[in-house]
Structures are given as structure tokens and as C-alpha cells.
Amino acid sequence: MQVDYLVIGQGLCGTWLSWFLTTENRAFIVIDDNESITPSKVSAGIINPVTGRRMVRVWMAEQVLSFAHEAYSEIGNFLDITAISQKNIIDFFPNAHQRQVFLERIEEGESYLSSYPEQNQFNSFFNYDLGCGEIRHSYIAHVELLLPAWRESLKNNGRLRAERFDFGKLIIKEQCVEYGDVIAEKIIFCDGLSSVENPFFKQLPFAPNKGETLIVEISDLPNEHIYKKGFILAPLKQKGVFWFGSNYQWSFPHTEPTDGFYEQAERHLKAWLKIPFKILDHKAALRPATLERRPFVGLHPQQKHIGILNGMGTKGCSLAPYFARQFVNHLLYEKELAPEADIRRFSRMLARQ
Ligand SMILES: Cc1cc2nc3c(=O)[nH]c(=O)nc-3n(C[C@H](O)[C@H](O)[C@H](O)COP(=O)(O)OP(=O)(O)OC[C@H]3O[C@@H](n4cnc5c(N)ncnc54)[C@H](O)[C@@H]3O)c2cc1C
């Protein structure tokens, strides 16, 4: 079988890359082993325009946010699912300092932030003594609907191989790559943290970051907003069910969920919520973060048939569609990649095998 592209992985990166290849009528095959726990499957899907304690704008906020909204809406229409919802974040100030920072940022003219007019609206659901603000233009990408729906569409069109990719079977030729019966012009790795062992890209400065989350049933909590007080409560598509988390661990002895997080999260929920809740599940996954917190996008500087879309870190839901589109424009129309994301910045490192 002859195709233009062989895509390895169908997390957020592989989903978006294969979607834009579809919109460009390119022939491709996706190989994905359907691992049950991946960052894309554990993600909350939150697209938040501000970040950190200083509430600064995320990298490329203007371009990336509006692009994400458009892209998720389009793929959602195609698949007949709601792939994205606009849900502002109600930020309950965890301490006086954070309240001060939030109000200062409003005074500085940060248009994504506003002081919430109905300060008492959430009194029957939450304990919050220091008031709340609102983060506007934030979204939830419904990853739990999107990934299986896109997988099904790939399968129905004969474009999915549900198996583990084996480097031992890959043959790189002058004009193409061969993998079993597939001959492809290029192979693009969207294999998340498997790339730390990928012979072509293992030199890249990945910095895996572990995050844990609880899935919680809170039947009486309205699902119109995302709620935040240190941790985040984000509504999932199933009514009355919320995602709760997360933490960020740069060093960890193992990748499994821990009792420590479970106990801390349960304590937090008990102190914050005034209404009953039930913990349904507890998960952990590693974010494919990078040392300089920028993605890895592009073709290998020495191997023109081999590419990567990876390193989305904590922001895969918004960065993956944007950089997948950029990469497709680069592959098909020779458009430049953003230099901060282009893997040519690591040319010297990648030259060492
Ligand atoms: C707890 C947690 C919460 C998060 N919350 C958010 C959030 O709210 N908003 C946000 O923007 N980001 C969030 N993230 C980050 C986001 O999930 C990641 O940036 C994103 O999912 C990375 O997607 P990916 O496609 O690069 O990798 P992955 O999701 O790891 O996908 C890689 C895919 O490749 C497959 N694969 C790998 N190797 C092979 C192989 N050899 N053969 C076949 N298949 C293979 C895997 O099975 C997987 O399906 C969160 C992450 C975590 C852990």
C-alpha cells in the first residue's frame, strides 16, 4: 500500500495531524496501540488563556486560542460530536496574595480577566472567603469524545492500524520509508513520551512531568463553568461528572497514581465543596513536556523522510491543533515553522546518533 504519510500515534498530536492531512486529501495510515492511559486520555481538555501565579498570558494566546476554537468546531461538525465548549473559569482566590495579583492584572488591562459581578452566586456549592474572579475566553476540548470518534472514523476509512509500531521493521530508503506492506513518502512520529526511546529523536530535551487526577461525581454542581481554587474542577460531557486536578511533578519514583495525591485531593474537595461528592476514579499520566517548554515540530535535519510533532507539555489541547496545521502547511506548501517550535533549533544535537 502506497501512502503519502505514515503517522505514529493517535493522541492529540496524531489526531490533529491526521485531521489536517484529511482536509488536504492526502493518503496516510495511522498506527496507534490504543494504550488505555495516555496524557491525551487523562487530560482535562482545558484551554486557558492565562497561566501561573502571575496570571500572565499563555504563549501565543491570541493565535492559538481562536485557532483551537475553530479547529475543534470543524472536526466536531465532521464527526457529529461537540468537540469544544466555551466555559469560563471561576477562579476562587485561594489566598489574599492571589486575589491581589488577580485584581492588579485587571487594573493593568488584562482583558481575559474580570471581577465576577455575582460574588455570592456559588455560595451554596463552595466555601470561598476571599471572593472570586472570572477567566474569560477559556474552553474545554472534549477529548474523551474526540479521540474515540476520530479513531472510529480512521478505522472506517481503512486508515488505522491498531498495533504497536516496531522500529525493527522500519526501512528507510532514498525516496521513501517502508513498514511492512506500507510504503510512505514520510513517517511522522506523534508518539508522545515513547519518543524518549525513539532512535531518531531521543536526543531532544524532553522533561516528562507527571500529573494525577480524580474523576468525581458531583450531581448537584452546575456544569456551566470550570471552577478553580488551586486545583481545577472541570465538567466532563457526562452530566454530574467532573475532572479534578492536577499536580505537576518533575521527579517521581513511578508513573502510577499515588495515595499521597488521592488523600490531598480528597481533603481539598472536602474543604472546598459544600455538597456531596463521590470519587469514581484516580489516574496518572506523564505530560510530554520539554526543558524549554516549547514543542518539537518538523522534519529531522538529517533524515528528510522522518518528522515529529510532540512536546506539547501542559498545553496539548491548544498547541496540538495549531502546530499540526503549521506542520502540514510546512510539509505541503513549504511554509516556515515558528522558530521556537521548529526542531532545527536542535540540529547539532540531532546530528549525534
Ligand atoms: C493529568 C494531566 C492533565 C492534563 N490536562 C491538560 C489540559 O487540561 N489542557 C491541555 O491543553 N493539556 C493537558 N494535559 C497535557 C496534554 O494531555 C498533552 O500535552 C497531550 O495529551 C500530548 O499529546 P500527544 O499526542 O503528544 O501524546 P500522547 O497522548 O502520549 O499520545 C501518543 C499516542 O501514541 C501512541 N503510541 C506511542 N508509542 C507508540 C508505538 N510505538 N506504537 C503505536 N502507538 C504508540 C500512544 O498509545 C498514544 O495514543 C494534561 C496532561 C495530564 C497528564
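Modeller: Helices (H or I, at least four residues) and strands (E, at least two) are DSSP runs, numbered from the N terminus. Residues are numbered from 1 along each chain as its sequence is written, and side-chain values use heavy atoms, with hydrogens and water left out. This is a predicted model, in which local features need pLDDT of at least 70 and side-chain atom pairs count only at pLDDT 80 or more, whereas totals for chains, interfaces and linings use all residues.

Biologist: How much of the accessible area of the ligand does the protein cover?

Modeller: Polar contacts here are pairs of N or O atoms within 3.5 Å. A backbone N or O atom of P39 lies 3.1 Å from a ligand oxygen atom, a polar backbone atom of T314 is 3.0 Å from a ligand nitrogen atom, and a backbone N or O atom of C317 lies 2.8 Å from a ligand oxygen atom. Of the 1,000 Å² of accessible area that the ligand has on its own (Shrake-Rupley method, 1.4 Å probe), the protein covers 96%.

Biologist: Within what arc do the buried residues of helix 3 fall?

Modeller: Buried means under 20% relative accessible area and exposed over 50% (1.4 Å probe, protein chains only). In helix 3 (residues 61-79) the buried residues include V64, L65, A68, Y72 and I75. Seen down the helix axis, by the directions from that axis to the C-beta atoms, the buried residues of helix 3 line one face, because they fall within an arc of 140°.

Biologist: Which exposed residues does helix 3 carry on the face turned away from its buried side?

Modeller: Just after helix 3, D80 takes a positive phi of about 60°. On the helix itself, the face turned away from the buried side carries E70 and N77.

Biologist: Within what arc do the buried residues of helix 6 fall?

Modeller: The buried residues of helix 6 are F261, A265, L269 and W272. Seen down the axis of helix 6, these residues line one face, because they fall within an arc of 75°.

Conventions
A polar contact is a pair of N or O atoms within 3.5 Å; within protein, one must be able to donate a hydrogen and the other to accept it, and residues adjacent in sequence count only if both atoms are side-chain atoms.
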